[in-house]
Structure formats: C-alpha cells, structure tokens
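Visitor: Before we start, please state the criterion behind each label, then set the value against it.

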Amino acid sequence: ARPVLCDACGKSMYARQLEEHEAGECQEQLDPCQSCGERIRRGDMRDHLETVCPQEVVPCPVPQCPDRLRRCEFESHLQQNTLSH
C-alpha cells in the first residue's frame, strides 16, 4: 500500500486510514457550524462557538439579566433594555 496525503493538513498516511482521519482526527478539515452553518476549521470550532458565532445562543452579558439570546441580537437587546441594564 502506498501513502497518500490528507488534502486539508498534508499529513501522510495509508489510503485505508484517510477516511477515518478526515472524519475525526484532522483539525484542518472544514465542518459546518451547528449554529450558523458557516464552514469553520475543525480546530477552531470551539472558539468560534464560544466567541464569535452570530447565531449561537448565549446568556446576556449583563449579570442581573436572565435572558438568553443569539449573539447577533445583543446590540438590539441592550438598546431595548437600556433602562433595566
């Protein structure tokens, strides 16, 4: 068996290992974000969801506010609740 290269990361392996590598191990593969659908590098997905994904539902950053909303809704939420925040 001859070695092949992963198109995403360039790692060399046997062809029979490539499918498993691409399906889970390779951190360079692009996967769709579960919240917004954008294709994100697998190794960056956690950071994307925790800090930038506009569709991820997260708690309001104001400590006393119990609301959970999409990150892209923060600005309008804060404007609408200026007096209570």
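Guide: Helices here are DSSP runs of H or I with at least four residues, strands are runs of E with at least two, and both are numbered from the N terminus. This is a predicted model, in which local features need pLDDT of at least 70 and side-chain atom pairs count only at pLDDT 80 or more, while totals for chains, interfaces and linings use all residues. Residues are numbered from 1 along each chain as its sequence is written, and side-chain values use heavy atoms, with hydrogens and water left out.

Visitor: How many helices and strands does the chain have, and what pattern does it follow along the sequence?
Guide: There are three helices and six strands. Their order along the sequence is β-β-α-β-β-α-β-β-α.

Visitor: What is the radius of gyration of the chain, against that of a compact globule of 85 residues?
Guide: The chain has 19 Å, whereas a compact globule of 85 residues would be near 12 Å; the rule is 2.2 Å times the number of residues to the power 0.38, with the radius taken over C-alpha atoms. The C-alpha trace spans about 70 × 20 × 15 Å along its principal axes. Ala15 and Leu78, 63 residues apart along the chain, have C-alpha atoms separated by 53 Å.

Visitor: What share of the contacts joins residues 24 or more positions apart?
Guide: With contact meaning heavy atoms within 4.5 Å, such pairs account for 1% of the contacts with a separation of 6 or more.

Visitor: Why does His48 count as buried?
Guide: Buried means under 20% relative accessible area, exposed means over 50%, and partly exposed lies in between (1.4 Å probe, protein chains only). His48 has 5%, so the residue is buried. His48 lies in helix α2, residues 45-52. Beyond its neighbours within four places in sequence, His48 contacts Cys33, Cys36, Glu38, Ile40, Cys53 and Arg71. Over the chain, 27% of the 85 residues count as buried.

Visitor: What puts the buried residues on the same side of α2?
Guide: The buried residues in α2 are Met45, His48 and Leu49. They cover an arc of only 90° around the axis, so they lie on the same side of α2; the arc is that of the directions from the helix axis to the C-beta atoms. The buried residues of α2 pack against β3 (30-32) and β4 (39-41).

Visitor: Which residues of α2 are exposed on the other side?
Guide: Arg46 and Glu50 are exposed there. Arg46 has 65% relative accessibility, so the residue counts as exposed, and so does Glu50 with 54%.

Visitor: What makes the pair Glu50 and Arg46 a salt bridge?
Guide: The term requires a side-chain nitrogen of Lys or Arg within 4 Å of a carboxyl oxygen of Asp or Glu. The N to O distance between Glu50 and Arg46 is 3.4 Å, which meets the term. The two are four residues apart in helix α2, which means about one helical turn.

Visitor: How many salt bridges does the whole structure have?
Guide: The search finds six. One of them joins Asp31 to Arg42, with the closest N and O atoms 2.7 Å apart. Asp31 is in strand β3 and Arg42 in the loop between β4 and α2, so the pair ties together parts that are 11 residues apart in sequence. Asp31 has 23% relative accessibility and is therefore partly exposed; Arg42 has 16% and is therefore buried. Arg70 and Glu73 also form a salt bridge, at 3.8 Å. Salt bridges that share partners join Glu28, Arg41 and Asp44 into one network.

Visitor: Which residues make up the largest nonpolar core?
Guide: The six are Val58, Cys60, Val62, Cys65, Leu69 and Phe74. The name applies to buried Ala, Val, Leu, Ile, Met, Phe, Trp, Tyr and Cys residues joined through side-chain atoms within 4.5 Å. Outside four places in sequence, Val58 is in contact with Asp67, Arg68, Leu69, Arg71 and Phe74.

Visitor: Why does Ala15 count as partly exposed?
Guide: Ala15 has 49% relative accessibility, so the residue counts as partly exposed. Ala15 lies in helix α1, residues 15-25, and touches Arg2 and Val4, not counting residues up to four places away in sequence.
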